[in-house]
Amino acid sequence: MTRPDRPGAAGSGDDPPERPLPGTPAPPPHAPPGTGRLRGDTPFPRAARAALADGTLRGNLRRATGTIRARRLTATGELPDWEQLRDAGAALKSEALDRLPELLLQLEAAFTERGGTVHWARDAAEANAIVTRLVRETGSEEVVKVKSMATQEIGLNEHLARQGITAHETDLAELIVQLAGDRPSHILVPAIHRNREEIRGILRDGIPDAGPRLGSDPAELAAAARAHLRERFLTVPVAVSGANFGIAETGTLCVVESEGNGRMCLTLPRTLITVMGIEKVVPLHRDLEVFLQLLPRSATGERMNPYTSLWTGVTPGDGPREVHLVLLDNGRTAALADPLGRGALGCIRCSACLNVCPVYERVGGHAYGSTYPGPIGAVLSPYLAGMHATGDDPNRTLPYASTLCGACLDACPVRIDLPAMLVDLRRRHTEEAGRTPEALAMRAAGAVMRRPRLYTAAQRTAARLARAAARRDGRITRLPPPLAGWTEARDAPVPAQEAFRSWFASPEGAAAMRAAAHEGERRRAAHGGPGGGDPAHGHDRPGGGGPAHGHDGPGGGDPAHGHDRREEER
């Protein structure tokens, strides 16, 4: 990216925006298409349908997310000030985003002062080129890697392979994914879609020394991976990492992990290259007090991370002799400029929203196409990369990959309002789509509804056709255009044999309404007149609520008369 103190920016994003007014800056570009993994090849509904047909996948996801959810609830329930911690985390992230240009320059100055080198990358292509150049300068043709979402986002492994450089993933789950030629499907647990037997087969086939007798016991699988990786740790001179946090005050970088592989990568190689999204910066070292409580409890249900590594520049005789920090934009300034989208940059990659999402639990991460799956991915990918890079951009379907149940907001440790962002992105997609068959259908429906006789006739005709299209089980699974979009993702209910308006106008309906009116008058008279507020009869609020007559609030039933007010409102 362009440093914050320099005017102008390079790179291209979506279709050219409208020309800004004279004297106003152009909007920041989204991450350009064609490099990295911020969009898939298949629209979400089609990819989700394929995932739903995989029973093994659904079983693996259900067990794993259920276990993590339970552990998270236990861990967060132990802290009486958990909600206050969430408030503090949200406030710290908001402050960091408000001061982002200032904090990035402060981080660069502190990191450089301590012997490190900072590089600025506008997009994935620039970041890949910087890392490749740095690796080649060492003379190595191999790198060891710490699990990193940023390097997945830019497609670094694939780029290095095209340049003749081999990247060795050292996180166990990332290693499993790499050996299988697969893609991660979860932010925290990349191989969540695999079970033990599948993992056993992958390690047996991918690790030469594993042998055919390798069992499926987790300890045995981990031992086989450990033996395979130990040689890489000791011989490969270059490591590539991400960063969970970058501290502007001291120039310190922080990585949290569970296996110790990160510690090996961060201390043994001669050269360490860190790729960090610009949104990961925090102002002060003491801010970690909040985040190192929020992150492990939200991510894995642990009280603290097993391994928390912090390093500040170069220390003679200890650790890497060269340290580099690549600060990655790749659409983040575009998200920062968005009134709602900037909130998505507060994500600390805990994956709590994935583990509570009913959509993710059923389809997994691959259906989202992007490096970032689940509710956070459904907003972060469009905010970073846009939704209209091509005519049929799969990113435009991601905001619809949600039931809007709000579970993600309840679980997020920094209170990111994902439901509001999903709704906003749906609005934008609808407005950008312009005149669609759906919009024309709604306009036609409005014209019909303004004419009562025509509406009645259309209602009867539509009901007959819908009942004819229904299956024997009473569901409509496929409707013709322009209604086909509805049944692509859900079944439509079969209309009742008689519409309410027809029933209301019939003698039966009129009689039922007269009976209801008569019963209402009788009840009002029995309760002391209109409003039923006679304290002498035990009524102390309008609409009922008198314990003397068995009422427990507005609309309460009267057991003495065997009458439930719901009957009256039918």
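Student: Where in the chain is Pro28 found?

Tutor: Pro28 is found in the segment before helix α1, which covers residues 44–52; helices here are DSSP runs of H or I with at least four residues, strands are runs of E with at least two, and both are numbered from the N terminus. This is a predicted model, in which local features need pLDDT of at least 70 and side-chain atom pairs count only at pLDDT 80 or more, whereas totals for chains, interfaces and linings use all residues. Residues are numbered from 1 along each chain as its sequence is written, and side-chain values use heavy atoms, with hydrogens and water left out.

Student: Why is Pro28 called partly exposed?

Tutor: The relative accessible area of Pro28 is 31%, and the scale, computed with a 1.4 Å probe and protein chains only, calls a residue buried under 20%, exposed over 50% and partly exposed in between. The value of 31% lies in between, so Pro28 is partly exposed.

Student: What does Pro28 touch, not counting residues up to four places away in sequence?

Tutor: Pro28 touches Thr333, Ala334 and Ala337, where contact means heavy atoms within 4.5 Å. Pro28 and Thr333 are 305 residues apart in sequence, yet their C-alpha atoms are 6.0 Å apart in space.

Student: How do you know whether Ala50 counts as buried or exposed?

Tutor: Ala50, which has its place in helix α1, has a relative accessibility of 53%, and on the scale already given that value makes Ala50 exposed.

Student: What makes the link between the side chains of Asn355 and His186 a polar contact?

Tutor: A polar contact is a pair of N or O atoms within 3.5 Å; within protein, one atom must be able to donate a hydrogen and the other to accept it, and residues adjacent in sequence count only if both atoms are side-chain atoms. The contact that joins the side chains of Asn355 and His186 is 2.9 Å, so it falls within the cut-off. Asn355 belongs to helix α14, is buried at 3% relative accessibility, and touches residues including Thr65, Ile68 and Arg69.

Student: How many disulfides does the chain come to by the distance rule?

Tutor: The count is zero, with a disulfide defined as a pair of cysteine sulfur atoms within 2.5 Å. For Cys350 the closest cysteine sulfur, in Cys412, is 6.2 Å away, which is too far for a bond; for Cys357 the closest is in Cys405, at 6.5 Å, again too far.

Student: How do you know how the reach of helix α4 compares with the expected value?

Tutor: The expected span of a helix is 1.5 Å times one less than its number of residues. Helix α4 (residues 100–113) has 14 residues and reaches 20 Å from its first C-alpha to its last, close to the 20 Å expected. Its buried residues include Leu100, Glu108 and Phe111, and just after the helix Gly115 takes a positive phi of about 100°.

Student: Which residues touch the most other members of the largest nonpolar core?

Tutor: A nonpolar core is a set of buried Ala, Val, Leu, Ile, Met, Phe, Trp, Tyr and Cys residues joined through side-chain atoms within 4.5 Å. The largest has 93 residues, and Phe44, Leu327, Ile376 and Val379 touch the most other members. Helix α16 supplies the largest share of this core, seven residues. Another core, of 20 residues, lies apart from it, with Val143 and Ile154 among its members.
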